[in-house]
Structures are given as structure tokens and as C-alpha cells.
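Dear colleague,

I am passing on to you the structure that we spoke about, together with some notes on what was found in it. Please have it open beside you as you read.

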Amino acid sequence: MNIPKTSKAMVLTEYKKPMELLDIPIPELNFGDIPVRVDLAAVCGTDVHLARDELSMHPPCPIIMGHETVGEILQLPDTIKFDTAGTPVKPGDRIMWSHFFDGTCYSCKVLHEPVMCEHSRGYGFSPAKELRGGFAEYEIIIAGTDFVRVPDNITSEEAVGACCAGRTVVNAFDRLADCGGIRHGDSVVVTGVGPVGLFSIVMAAQSGAGKIIAVDISPIRLDFAKKWGATDVVNSADFKDSAERVKYIRDLCGGRGADIVIECSGLPSVFAENLDLPAYYGKYLIIGQTGESAVPIVPNKIQRKGVVAIGSHSGDIRHYIKCLKFIEANKSKYPFGEIISKKYKLEDANLALEDMRKGTALKAALVNK
Ligand SMILES: [Zn+2]
Ligand SMILES: [Zn+2]
């Protein structure tokens, strides 16, 4: 197939300004690069914050955002016949990919944790001219990037959750498993029911949890939580103060507190309040905190109750692959495709971000046709 000369892209030329629709020349391909046509590019909460320069990272503009992308292979180098999982691939197949990790640094080689790679090259955060962001017609998957074929029986809408929230939760649950994991009958509290919260709920439900309590302020999100396996939903706005809310949630867990608390809201105040939720020897899994704001806490709340606090960040191709398998196995039980609440044309990306920011779209996605 002929590779086009240019790609339309919504480019963030400056922080806190709307993205601009520009024609970006397709860069010269290096050996092993895979050009893809973007099939579906979901908008992440991270993009909403990145555009407003509210994150702990500040990649220099202009950039093309979008790191949750299903792309269709335009052309494959002769040397590539299989994806990272060993599944045969050919042009026209849909794939998703992790960030690029060099495989040679201390994190990659010794820790075996590529997400901490010292020389990683991201998708959705890189210079616009490199065409490595999903808010575009085409994207270049650079040589050495791990990728996985999306099975034909999963729609792009069902699959796309694995690109960010889903793989993040698979990785986090692996880390939680290292500390005992979710045991049958455990009580699990999930604070924040965005996509990360939803995948936490559904994976807790499939892990044998007895009670899964979803906490948010949005009735729409709490309805989603029920469909994804929450046994109880708590609207945090219904309480006069933190103490009343904490007591209510602890009582739902039989008065002892939760065996596992999973923080997915991203709000530092919620992170702090959650320290009152674990039972003795409970576990506190922190996945949502991406900002730089500080919050006062009482460290004794962790020490005295023997709480195990676990941080986890992002995921590598192992977690994408496992998440896709999870989605494939459970798609008749849970409405994974509904995570995309609204689709927009590429040129309407600013509106998509705005709707995400206002909370009118759980997850927006950009389409090219
Ligand atoms: Zn994301
Ligand atoms: Zn590395």
C-alpha cells in the first residue's frame, strides 16, 4: 500500500490553547517502523490535564496527544511476521502498542519493569513532526515498539480501554497480587469511577471479591460501576463531611473497614481520606494520582493498622495482552464498548477534550471516518 505524504493531525502548539488542525509530513520511515492508520483514538483524562499543563510532566510543544489508539497496519517490514504475543500479523490488521522501551537500561534489564525505562519514547507526548500521537490520521510505530494484534471478535471500542486504563489496572493488580492480591470474599473499595476505576471494579469482580464498593460524585458513573460489577455504590456528595462518609463505607464492610482500597480518583484529598478506610492489615493500591499537588496525611494511619500501600504506574505489553484476553473472555458479561460514550471527528478534538473536562463524556474518542 502507498504511504500518504502527509497526515492531518490535531496539534497542541501551546499549552492552555486549543489544538490546531495541521498537515504533518509523514516522516521518513526507519527500518522496522510500522505506519498505521488511526482507527480509534480515545481521549484520556491525562490528555485533558496535559493540554492545560496540569501534569507532573511537561513535554515541549508542539505535540500530538493521544496514547490510547487502535491503529490499522498500513505496511509491515519484511522482518515482522508476528506481534509480541506471537500472533501472525499482516497489513490491514488492527493493533495497539505500548510506549517504546529500549530493553537495555537498568529498569528494563535488571528490574524487568520497562515502564520505568530510562530511555522510553512515548506515544501521545512526543514532537508533532514525529507523528507519534493518536489525534491524527496516521501514526508511526517506531521500530522495536511492542505491539499486539486486536482479535477480530473484539470491536475497537471494546478493545481501546486496554490501551491505558485496562493495562494500568492489570499491572496494578499484578503488584497487588505480589502482596496477597484479592482473596475470595474480600471487601474492595474503589474511589473514582473513571475508566481506571471501572477496570478496577470489573477485575475485582472477576477476582472473587465479596463486596465491591464504588465511590464517586457522578450518578452516571455510579450507574456504570453497577454494570461493571460493583455491589454497592456510594455518592460521596451525599454526606455532610468526611467522617460521616468514612463511617458509612466502613460499615458497608462490616464495620472493620475494607480489605482493599483502590484509589482511582486522582484527587489528593481523596487519597488522604482513604487512609481511614482500610481494615487491619488492609491493602491500599494507588493508581490514580498523577498530579503534583501536596496533601497533609497522618503516617501513623498506615503504620498502626499494618496497611500495605502499593503504588503502580502504567503498564507494558504484558499488561495490554492480558487485558485484551480479559476483555475477550468477559465481553458477554460486561459492556466494555460502552466506555466510549461519544465519538467525535478528528477536527472536533477540542470539543472532545472539553466534554471530558466537563464530565459530559465518560470517555470521548476520535474517529477518522
Ligand atoms: Zn490514558
Ligand atoms: Zn529501558
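**Helix α4 and what follows**

Just after α4, the residue G180 takes a positive phi of about 110°; helices (H or I, at least four residues) and strands (E, at least two) are DSSP runs here, numbered from the N terminus. Before going further, please note that this is a predicted model, in which local features need pLDDT of at least 70 and side-chain atom pairs count only at pLDDT 80 or more, while totals for chains, interfaces and linings use all residues. Residues are numbered from 1 along each chain as its sequence is written, and chains are lettered from A and ligands numbered from 1 in the order in which they are written.

Helix α4 itself has 14 residues and reaches 20 Å from its first C-alpha to its last, close to the 20 Å expected at 1.5 Å a residue (the expected span is 1.5 Å times one less than the number of residues). A residue is called buried if 20 or more other C-beta atoms lie within 10 Å of its own, exposed if 12 or fewer, and partly exposed in between, with the C-beta atoms placed from the backbone. Among the buried residues of α4 are R167, N171 and F173, and the elements that cover them include α5, β12 (278-286), β13 (308-311) and α10 (317-330).

**Strand β3 and its partners**

In strand β3 (residues 34-42), 8 of the 9 residues are buried, so the strand is largely enclosed by the rest of the structure. Two strands pair if DSSP finds at least two bridges between them. β3 pairs in the antiparallel sense with β6 (residues 138-141) over 4 bridges, where P35 stands opposite I140. With β4 (residues 68-73), β3 pairs in the antiparallel sense over 6 bridges, and there V38 stands opposite G71. β3 and β15 (residues 364-367) pair in the antiparallel sense over 3 bridges, and in β15 the bridge partner of L40 is V367.

**The protein as a whole**

The secondary structure comes to 11 helices and 15 strands. The radius of gyration, taken over C-alpha atoms, is 20 Å, close to the 21 Å that the globule rule (2.2 Å times the number of residues to the power 0.38) gives for 369 residues, so the protein is as compact as a globular protein of that length. Of the 369 residues, 46% count as buried.

With best wishes

Note on methods. Two residues are in contact if their C-beta atoms, placed from the backbone, lie within 7 Å.
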